[in-house]
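Here is a short report for a reader who is new to this structure. Please look over the sequence and the model before reading on.

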Amino acid sequence: MEPIEAGRRLTSEVVDRYARPGPRYTSYPPIPFWDPEVGEEDYRAALARAGEAKDEPLAIYVHLPFCAARCAYCGCNATVTNREDVVDVYLDRVVREIEMVEGLVGRGRAISQLHLGGGTPNFLTNAQMARLWERLDEAFDLSAANERSLEIDPRIATPEQVTFYRGLGFDRISLGVQDVDPRVQEAIGRVQPESLTRRIYAAAREAGFGSVNLDLVYGLPFQTPEVFNRTLDVMVELRPDRLACFSYAHLPHLRPNQKQVDASGLPETPWEKMKLFRLAVERLTEAGWTWVGMDHFALDEDEMARALRERRLHRNFMGYVERPTPHLVAFGCSGIGEVAGLQAQTEVKLGRYQKSLDAGSFPIVRGHRLTDDDRRRRKAIYHLLCNLELPARLLDASVGENGEHLPALDESREGLDRCVREGLLEVAGEGYRVTGLGRWFLRNVCMELDAYLPRTAEPRVDGPSPRRFSMTV
Ligand code: SF4
């Protein structure tokens with residue numbers, strides 16, 4: 001491959017060069033490198049260690065996998081049902097899991113952040129949601145959280161339900177939109193009239209949510225720049241506090257439901273797809289949002305933009321967060337968390353998840369114990385993803401938290417220096433700063449710091465990709 005010189009602009013040639021699958025780095029190492037031998041005993045021991053560190057707050061994620069129908073483009077762990085009792089049975093197990101965690105970390109631990117994701121959290125009836133909230137509130141100190149958020153699907157939401165969530169104590173809400181164009185919606189199997197989105201958005205504002213987020217997806221079938229521009233018009237008009245603009249990864253061999261997507265209208269080249277994201281960045285930043293990290297946008301007064309300005313933005317399994325989270329405890333099937341230096345994922349299959357809890361075991365299916373080297377590489381990757389720069393001290397020889405001697409990251413330096421030659425980074429003091437061009441290929445730059453990915457002489461990165469917990473290696 002011909003070398004690319006620094007100073008090049010975003011062109012189809014450049015996009016082609018970096019259009020490679022890569023991790024989104026909501027964890028490091030990425031989940032495919034976790035060990036299936038890590039199991040419930042390790043997880044129990046980690047929770048007990050977190051129990052000893054009583055002053056450290058916990059972040060909580062609860063996965064609620066139920067949906068009324070499967071959207072064709074979906075890349076999440078979702079279970080389609082129309083039965084309320086199936087949710088009750090699941091909640092019994094989530095409550096059991098909460099009790100087990102509470103028994104190990106102690107009752108009333110302060111929570112820094114609570115997030116309910118899915119699936120479709122608002123598939124739960126109000127009574128079911130109240131039950132879950134009350135049980136969490138008994139076990140932990142939710143009042144200490146700086147954010148209590150949930151994702152909702154506007155298609156099955158009502159204004160009354162949204163008001164109910166606010167009354168319960170949620171203060172941030174996220175609505176799935178993807179694209180407002182009917183033809184695009186038809187092609188991805190998710191028909192959501194614009195009037196409905198507007199109605200639920202208005203209800204969230206009316207209910208007094210402190211922060212409202214809308215999720216968009218780019219790279220969908222029939223989503224030309226003209227079509228997507230109309231969606232962006234609607235966003236500019238509604239003015240949500242935050243927007244996420246995820247890349248659609250069409251992987252029907254891994255996600256059979258995506259065989260239902262009308263692939264005839266997908267962008268034909270990485271450049272065609274990138275033009276959609278570039279349009280989003282241009283329109284949204286012109287209209288007053290700050291581009292945060294890879295794929296988020298926040299208004300100045302939103303906590304995420306403030307955290308970015310004050311250089312306290314962090315990253316974890318939930319994406320970009322405003323505070324560091326030493327422990328993220330995940331509940332529900334396919335939950336991913338990190339407790340006392342142990343990263344762990346629970347069983348994806350609903351039946352197996354429930355059976356394991358019935359037997360009194362945490363359904364952990366894989367995990368990873370962070371080494372000192374993992375911690376310093378992760379710190380460097382997250383620093384790049386949040387602050388768009390990399391101080392030299394994060395690459396120098398050091399002594400890790402556990403006393404391990406860590407040699408300088410010379411091999412990564414070579415890759416980063418190549419990024420400088422190609423115009424993705426510039427030298428800043430002894431360290432590096434991301435350039436305007438490199439901003440579009442942040443993941444590729446981060447991959448130079450990844451000790452788990454195979455090393456090649458070729459660029460190893462890719463543009464932004466979809467949902468929070470997905471990875472497209
Ligand atoms: S996209 Fe959302 S609503 Fe649709 S199936 Fe997936 S999780 Fe459910």
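## Rings, charges and backbone

Arginine 239 lies over the face of tryptophan 289, with 5.2 Å to the ring centre. Arginine 183 is placed over the face of phenylalanine 222, and here the distance to the ring centre is 3.8 Å. The model is a predicted one.

**Confidence**

The protein chain has a mean pLDDT of 93. Of its residues, 95% reach 70 or more. Over residues 459-473, the pLDDT is below 50. This stretch has 85 contacts in the model beyond near neighbours in sequence. Where pLDDT is low, predicted coordinates should not be read in detail.

**Aromatic pairs**

How many aromatic pairs does a search of the whole structure find? The search finds 18. One of them joins tyrosine 18 and phenylalanine 441. The pair is tilted, with 4.9 Å from centre to centre and 40° between the planes. Distant parts of the chain are linked by this pair, whose residues are 423 apart. Tyrosine 18 is in helix 1, residues 12-18. Phenylalanine 441 is in the loop between strand 22 (431-434) and helix 14 (442-446). Tyrosine 18 and phenylalanine 441 are both buried.

Tryptophan 291 and phenylalanine 297 form a stacked pair, because their planes are at 15°, under the 30 degrees that stacking requires. Their ring centres are 6.5 Å apart. Tryptophan 291 is buried, and phenylalanine 297 is buried too. Both belong to one aromatic cluster, together with Tyr218, Phe277 and Trp440.

**Around the ligand**

Which residues surround the ligand? They are Cys67, Ala69, Arg70, Cys71, Tyr73, Cys74, Gly119, Thr120, Asp153, Arg155 and Arg190. By type, this shell divides into five nonpolar, two polar and four charged residues.

One member of the shell, Gly119, also takes part in a cis peptide bond, which runs from glycine 118 to glycine 119. Omega is near 20° there. Glycine 119 has its place in the loop between strand 4 (109-118) and helix 4.

**Backbone details**

Tyrosine 28 and proline 29 are also joined by a cis peptide bond, with omega at about -5°. Proline 29 sits in the loop between helix 1 and helix 2 (40-52).

Glutamine 178 is not a glycine, although its phi is positive, at about 75°. This residue is found in strand 7, residues 172-178. Arginine 311 is not a glycine either, and its positive phi is about 55°. Arginine 311 is found in the loop between helix 10 (303-309) and strand 12 (314-316).

| Residue | Relative accessible area | Class |
|---|---|---|
| Alanine 280 | 0% | buried |
| Glutamine 178 | 4% | buried |
| Arginine 135 | 12% | buried |
| Histidine 314 | 30% | partly exposed |
| Arginine 311 | 46% | partly exposed |

Is arginine 135 buried or exposed? Arginine 135 is buried, because its relative accessible area is 12% and buried means under 20%. The residue lies in helix 4, which covers residues 126-139. Not counting residues up to four places away in sequence, arginine 135 touches Val95, Ile98, Glu99, Glu102 and Arg107.

Alanine 280 lies in helix 9, residues 270-286. Its relative accessible area is 0%, so it is buried. Which residues does alanine 280 touch, not counting residues up to four places away in sequence? They are Phe228, Leu232, Cys245 and Thr285. Alanine 280 and methionine 447 are 167 residues apart in sequence, and their C-alpha atoms are 25 Å apart in space.

Histidine 314 lies in strand 12. With 30% relative accessibility, histidine 314 counts as partly exposed. Leaving aside neighbours within four places in sequence, histidine 314 is in contact with Gly319, Tyr320, Val321, Arg323, Pro324 and Cys386. Histidine 314 and threonine 325 are 11 residues apart in sequence. In space, C-alpha to C-alpha, histidine 314 and threonine 325 are 8.5 Å apart.

Conventions: Residues are numbered from 1 along each chain as its sequence is written. This is a predicted model: local features need pLDDT of at least 70, side-chain atom pairs count only at pLDDT 80 or more; totals for chains, interfaces and linings use all residues. Side-chain values use heavy atoms; hydrogens and water are left out. Rings of Phe, Tyr and Trp (its six-membered ring) pair if their centres lie within 6.5 Å; planes under 30 degrees apart count as stacked, over 60 as edge-to-face and the rest as tilted. Helices (H or I, at least four residues) and strands (E, at least two) are DSSP runs, numbered from the N terminus. Buried means under 20% relative accessible area, exposed over 50%, partly exposed in between (1.4 Å probe, protein chains only). A charge sits over a ring if NZ of Lys or CZ of Arg is within 6 Å of the ring centre and within 35 degrees of the ring normal. A residue is near a molecule or strand if one of its heavy atoms lies within 4 Å of it. Ala, Val, Leu, Ile, Met, Phe, Trp, Tyr, Cys and Pro count as nonpolar, Asp, Glu, Lys and Arg as charged, and the others, Gly among them, as polar. pLDDT is the predictor's confidence in each residue, from 0 to 100. Contact means heavy atoms within 4.5 Å.
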